[in-house]
Amino acid sequence: MSQSSPQSPQSEATDKLTSARQHDQLFTTPLDKAARFSFDEQVVACFPDMIRRSVPGYGQVLAMLPIFARRHCKYRQQNDNRQRVSRIYDLGCSLGGASMALAGEFAPHDLQIKAVDISPAMTSEAEKLLSDNYPEHDIEVITADIRDIELAPCDMVILNLTLQFLPAEDRVAVLEKIYNALEEDGILVLTEKTHALDEQHDAWLVERYYDFKRANGYSEMEISGKRNALENVLITDTLDEHHQRLDKVGFKRHLTWFQFLNFVSIVAFK
Ligand code: GEK
């Protein structure tokens, strides 16, 4: 007898994202060395393929979000029809992969999802994908800088590979805002690329990460082109720095629930 596995919601959400999308060919030609990575139309067109082939564990992390939501969402908010819902923020939503993973596993009236991204190219595509696939769900896609928005009371906040794109000095303030918006026992799921302080550990993790990309079909030119473009755009912290920051902000407990090479995911409880 077949059993349902945590892969199934992931497959559904990523299949929906991947259909009719382009293969990532962004760094297949030599680039101006100074070109910076940005979340523009070109990136949007190949984003699902890019994130699946370049983020170890992306699908597994998405697959666990509805499982966490089942345990921690307590239906403490009201929607416009005065029905009780759980509000979830998907901050730095890109094409809405995390929102889709959640919508796919909850009835339309259970959740109120607020998906926020600074890139209009991302949000216009996310809006289409989410409304085509989940027309009955209460999902608002918002184009905004997560440093500027106000957050309403909520049960769960997802920062899936987003904090790393904020200037280091702005990270505490965003986490404080999230902490203040979360209900008691609400959770933050924070997924990030990290680096290790030990040089040898770090070198090994980075090399094996490039092997992972090679195994997923990226060439040497694509790997080095992307590395250059992300320099000073994606700024990693160590796993310890993340935990120290969460402590400082006031989260009562936070633990690393997932690690795959230099990518980690932490769950923090208010
Ligand atoms: C996923 N979470 O598929 N405010 C809002 N959005 C921002 C900001 C900001 N200040 N800075 C960057 N972004 C997604 C994947 S991708 C990760 C997240 C990656 C947005 C940016 O526009 C991009 O869409 C997203 O953060 C990062 O589950 O591409 O490695």
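**View 1. Strand β3 (residues 111-117) is mostly covered, with seven of its seven residues buried (under 20% relative accessible area, against over 50% for exposed and partly exposed in between; 1.4 Å probe, protein chains only).** The model is predicted: local features need pLDDT of at least 70, side-chain atom pairs count only at pLDDT 80 or more, and totals for chains, interfaces and linings use all residues. Residues are numbered from 1 along each chain as its sequence is written, and side-chain values use heavy atoms, with hydrogens and water left out. Strands (E, at least two residues) and helices (H or I, at least four) are DSSP runs numbered from the N terminus. In a regular strand the side chains alternate between the two faces of the sheet. Leu 111, Ile 113, Ala 115 and Asp 117 point one way from β3, whereas Gln 112, Lys 114 and Val 116 point the other way.

**View 2. Strand β2 (residues 84-91) runs parallel to β3, joined by six bridges.** Strands pair if DSSP finds at least two bridges between them. Opposite Ile 113 of β3 stands Ile 88. Helix α4 (residues 97-103) carries the chain from β2 to β3 in a right-handed β-α-β crossover (clockwise from the first strand over the helix to the second, with the strands pointing away from the viewer).

**View 3. Strand β4 (residues 138-143) pairs with β3 in the parallel sense over six bridges.** Ala 115 has Val 141 of β4 as its bridge partner. The β-α-β crossover from β3 to β4 passes through helix α5 (residues 120-133) and is right-handed.

**View 4. Strands β7 (residues 253-260) and β8 (residues 263-269) pair in the antiparallel sense over seven bridges.** Val 267 in β8 is the bridge partner of Leu 255. Two residues lie between the strands of this hairpin, in which Leu 261 takes a positive phi near 55 degrees.
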